[in-house]
Amino acid sequence: MDCTKCDREAVMHAAYSGAHLCERHLFESVERRVRRRIREDDMLPDDATPEDPETWVIGLSGGKDSVVLTDIIEETFAEDPRVELVALTIHEGIEGYRDESLAACEQLTADRDVRHEVVTYADEFDVEMDDVVEDDPMDMAACAYCGVFRRDLLAKYAEAYDADKLLTGHNLDDEAETALMNILEGNVEQVAKHFDASLGPFDERTPKDEMIPRAKPLRDVPEKEVALYAQLRDLPVHMEECPHSSEAFRGEIQDLLLKLEENHPGTRHSIMAGYEELAGLAADQYSDEDADVGECEECGAPTTRDRCRKCALVEAVNAV
Ligand code: SF4
Ligand code: ZN
């Protein structure tokens with residue numbers, strides 16, 4: 001089959017748009033969608049200048065999504081000194097898994113000459129995910145601990161590096177799954193947080209003006225296209241799954257979405273279009289005035305209680 005845009009051979013078919021794309025036009029199409037997000041989400045303000053650049057921190061795990069995102073953003077701003085990048089890798093203490101993905105992160109950032117920082121649960125919390133899984137003091141899934149710890153460190157270090165934006169590599173499939181999960185769980189408060197705090201602390205609300213804005217510039221690109229992009233560009237990517245991955249419900253939603261997309265191409269896009277509209281309406285109902293946000297008495301992170309969720313979990317884990 002030929003490419004819809006030229007006469008080279010197609011490497012993929014996007015059923016949702018009807019397009020068959022060759023390698024070159026796949027690259028163009030993925031990059032165009034990322035750059036459009038940067039533009040449409042107003043990620044680069046008018047007052048950013050080479051003398052006073054923006055700092056963007058990218059959460060870089062070494063998986064295909066964050067590697068592709070870092071690569072495209074670096075390429076986009078390579079000649080544009082208005083943006084300075086910092087790639088931030090969180091090491092959870094998962095043997096055999098994170099060490100290999102760290103190697104992918106190091107290769108990418110060395111090749112592209114991007115500043116790379118690594119922070120570990122061990123240094124920050126005296127915690128390793130391998131031990132958390134073993135002890136499990138709160139009787140929860142591994143990802144329930146890990147997600148709280150990761151979000152805390154992304155926010156903490158984005159602030160430490162004086163970031164103007166915190167970028168993550170969520171793709172279209174991730175976003176559509178999360179949207180469906182929130183709806184199926186009836187979690188309207190989480191829907192309301194979609195635009196301003198989808199990476200904020202799990203169970204609390206952070207006032208908008210104290211938060212470093214989050215951005216997900218890959219969110220229009222389906223997972224399969226991200227994977228193909230990484231493979232054809234020969235990017236250093238760590239493909240294995242985390243051995244503690246335990247989001248059973250997400251797995252079910254993933255299967256459901258794949259099936260829906262196959263039978264009704266475009267479902268993911270329409271889910272997100274509807275979800276964003278709903279999120280806008282829901283956000284009006286959950287304005288920041290309702291939330292009584294103070295500071296955690298231990299770490300100073302914003303929280304609606306005396307002590308934040310992360311500090312409670314760290315104490316529980318370390319008490320075992
Ligand atoms: Fe942590 Fe779960 Fe991700 Fe593994 S899959 S790194 S446990 S959040
Ligand atoms: Zn705290």
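# Exercises on a predicted model

The buried residues of helix α12 (residues 309-319) are Lys 310, Cys 311, Leu 313, Val 314, Ala 316 and Val 317. Buried means under 20% relative accessible area, exposed over 50%, and partly exposed in between (1.4 Å probe, protein chains only). Helices (H or I, at least four residues) and strands (E, at least two) are DSSP runs, numbered from the N terminus.

The model is predicted: local features need pLDDT of at least 70, side-chain atom pairs count only at pLDDT 80 or more, and totals for chains, interfaces and linings use all residues. Residues are numbered from 1 along each chain as its sequence is written, chains are lettered from A and ligands numbered from 1 in the order in which they are written, and side-chain values use heavy atoms, with hydrogens and water left out.

## Exercise 1: helix α12

Find the elements against which the buried residues of α12 pack.

Solution. 
1. Start from the buried set, which includes Leu 313, Val 314 and Val 317.
2. Look for contacts, meaning heavy atoms within 4.5 Å.
3. The partners are α4 (121-125), α5 (129-135) and α6.
4. An α-helix has 3.6 residues a turn, so residues three or four places apart point the same way.

## Exercise 2: a residue beside the site

Locate Arg 307 and list its contacts beyond four places in sequence.

Solution. 
1. Arg 307 sits in the loop between β9 (302-303) and α12.
2. Its relative accessible area is 22%, so Arg 307 is partly exposed.
3. Neighbours within four places aside, Arg 307 touches Cys 296, Glu 298, Ala 312 and Glu 315.
4. Glu 54 is 253 residues from Arg 307 in sequence and 32 Å away in space, C-alpha to C-alpha.

## Exercise 3: the nonpolar cores

How many residues does the largest nonpolar core have, and which have the most contacts inside it?

Solution. 
1. A nonpolar core is a set of buried Ala, Val, Leu, Ile, Met, Phe, Trp, Tyr and Cys residues joined through side-chain atoms within 4.5 Å.
2. The largest has 38 residues, and Trp 56, Val 68, Ile 73 and Leu 167 have the most contacts inside it.
3. Elements that give two or more residues to this core include α1 (23-40), β3 (54-59), α2 (64-77) and β4 (83-91). The most come from α2, with six residues.
4. Beyond four places in sequence, Ile 73 contacts Val 34, Ile 38, Trp 56, Ile 58, Leu 85, Leu 167 and Pro 217.
5. Another core lies apart from this one: it has 28 residues, among them Val 119, Tyr 145, Leu 166 and Val 314.
6. In soluble globular proteins, nonpolar side chains tend to be buried together.

## Exercise 4: ligand 1

Which residues surround ligand 1?

Solution. 
1. Take residues with a heavy atom within 4 Å of the ligand.
2. The shell consists of Glu 92, Ile 94, Cys 143, Cys 146, Arg 150, Cys 242, His 244 and Ser 245.
3. Sort by class: Ala, Val, Leu, Ile, Met, Phe, Trp, Tyr, Cys and Pro count as nonpolar, Asp, Glu, Lys and Arg as charged, and the others, Gly among them, as polar.
4. The shell has four nonpolar, two polar and two charged residues.

## Exercise 5: positive phi

Is Asp 42 buried or exposed? Treat Asp 162 likewise.

Solution. 
1. Asp 42 lies in the loop between α1 and β3. Its phi is positive, about 55°, although Asp 42 is not a glycine.
2. Asp 42 has a relative accessible area of 60%, so it is exposed.
3. Asp 162 lies in the loop between α6 (142-160) and β6 (165-167). Its phi is about 60°.
4. Asp 162 is exposed, with a relative accessible area of 60%.
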